[in-house]
Amino acid sequence: MKKILLLLISLVLFYACVPVKKLEEEQAKSSKLQLENQALMEELQKMGLLKAGMEEEIDSLKKRLKGLKSDTLALSEKYRSEKKRNEELNKLYDDLVAQNKKLLSSSSAEKQALLSDLENQKRELANKEQQLNEEKAKIDLLSKELAAREQKVQELEALLNKKDAALADLKKRIEDALLAFNKDELSVEIKDGKIYVSLQEKLLFKSGSAVVDAKGRSALVKLADVLAKQTDVDILIEGHTDNVPIKTECIKDNWDLSVARATAIVRILQESSIKPERFIASGRGEYVPVAPNTTPEGKAKNRRTEIILAPKLDEIFKILQSPD
């Protein structure tokens, strides 16, 4: 009789917790969130590729700048060589004029030959002067192009240095805000031009739960106070788990758990008046571990939530897209 009574109570609690219709709705929402997460991660990958392309463009510009400087030096040397030759031709011309005066008394045939030779020398001199002017025009054009590219490279370098300095300053302010928490509970580091705030499970959640603990909420509130004042960064929240399977009445698997945890953190951060469009919430499940899942320590490291702060690159894109 006691077993039958316990069974009836369990059934009542089960259907009270998760009605069939609500469960179907939650599963549909979860599927939609996973699709949105996939699209957002693809967009994030595109941004990473775009950043890599931008860095390659900067390297290419630096190499071309070096080549242009080398070409300018070569053209300057050629200009000096042509100028020297022009002076030699002028001297030759003067010598021919002197010879012509001396030979005025010579025969008509000799005079004609000298005049013909003189005309040839004049034409050669005119051609050399034209070539010299063309080379000078090319040098001027290359110098202007080089100056424009140097300015563009300097603007990019200055902007990147400014972004790096701002990122370092933000990291310092985050670390200062989170000094009360232990290193085994959270970490802050700069990687690939972004700030990664990694929060361990024991700081935020109970095992298998997506409800943030009081201590974790305190850390998130302190972090939100800093981020609310830093409006030029996007905020990506990624939930991560170990590889231990999970399935409860409310959580289907590790995908569900990681997404639910990321979303729970977004809601707490949003309470500090951070605009919703700055957030991206995603779950990575067990598929991006930072340690082997073969030991309890490794699994503990993998059960984490990462808050990734990515600076906006609008100004850099404008410089790259501007004409030379």
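Gln99 has its place in helix H2 (residues 20-102), where helices (H or I, at least four residues) and strands (E, at least two) are DSSP runs numbered from the N terminus. With a relative accessible area of 41%, Gln99 is partly exposed; buried means under 20% relative accessible area, exposed over 50%, and partly exposed in between (1.4 Å probe, protein chains only). The C-alpha atoms of Gln99 and Leu114 are separated by 8.7 Å, and the two residues are 15 residues apart along the chain.

The model is predicted: local features need pLDDT of at least 70, side-chain atom pairs count only at pLDDT 80 or more, and totals for chains, interfaces and linings use all residues. Residues are numbered from 1 along each chain as its sequence is written, and side-chain values use heavy atoms, with hydrogens and water left out.

**Chain overview**

The chain contains eight helices and five strands. Along the sequence, these follow the pattern α-α-α-β-β-α-α-β-α-β-α-β-α. Of the 324 residues in the chain, 32% are buried. Among contacts (heavy atoms within 4.5 Å) with a separation of 6 or more, 73% are between residues 24 or more positions apart.

**Sheet**

The five strands of an open sheet have the order S1-S2-S5-S3-S4, with mixed pairing. Strand S1 and strand S4 (279-285) stand at the edges with a single partner strand each, so one side of each is left without a neighbour in the sheet. From one strand to the next, the twist averages 20°; axes are lines fitted to C-alpha atoms, for helices over the stretch in contact, and angles run from 0 to 180 degrees between N-to-C directions. Two strands pair if DSSP finds at least two bridges between them. Strands of a sheet pair through backbone hydrogen bonds, either parallel or antiparallel.

Strand S1 (residues 186-191) and strand S2 (residues 194-200) run antiparallel and are joined by six bridges. Ile190 has Ile195 in S2 as its bridge partner, and Lys191 stands opposite Lys194 in S2. The hairpin of S1 and S2 has two residues between the strands.

Most residues other than glycine have a negative phi.

Helix H5 (residues 214-229) lies across S2, strand S3 (233-240) and strand S5 (304-311), and runs at about 5° to S5. Helix H6 (residues 254-270) lies across S3, S4 and S5, and its direction is at about 155° to S4.

Leu220 lies in helix H5 and counts as buried, at 1% relative accessibility. Not counting residues up to four places away in sequence, Leu220 touches Leu199, Leu204, Val212, Ile265, Ile268, Leu269 and Ile307. One of these, Ile265, is 45 residues from Leu220 in sequence and 7.6 Å from Leu220 in space, C-alpha to C-alpha.

**Cavities**

On a 1 Å grid over the protein atoms alone, a cavity is a set of points where a 1.4 Å probe fits but cannot get out, and lining residues have an atom within 4 Å of a point. Grid points are joined across faces, edges and corners, and a volume is the space filled by probe spheres set on the points. By this rule there are three cavities of 30 Å³ or more.

The largest cavity has a volume of about 60 Å³. Its lining consists of Lys163, Ala166, Leu167, Leu170, Gln230, Asp232, Val233 and Pro311. Helix H3 (residues 108-177) gives the most to the lining of the largest cavity, with four residues. By class, this lining has five nonpolar, one polar and two charged residues. Here Ala, Val, Leu, Ile, Met, Phe, Trp, Tyr, Cys and Pro count as nonpolar, Asp, Glu, Lys and Arg as charged, and the others, Gly among them, as polar.

Methods: 1 Å grid on protein atoms, 1.4 Å probe; cavity = no way out; pocket = protein on both sides within 12 Å on 5 of 7 lines; lining within 4 Å.
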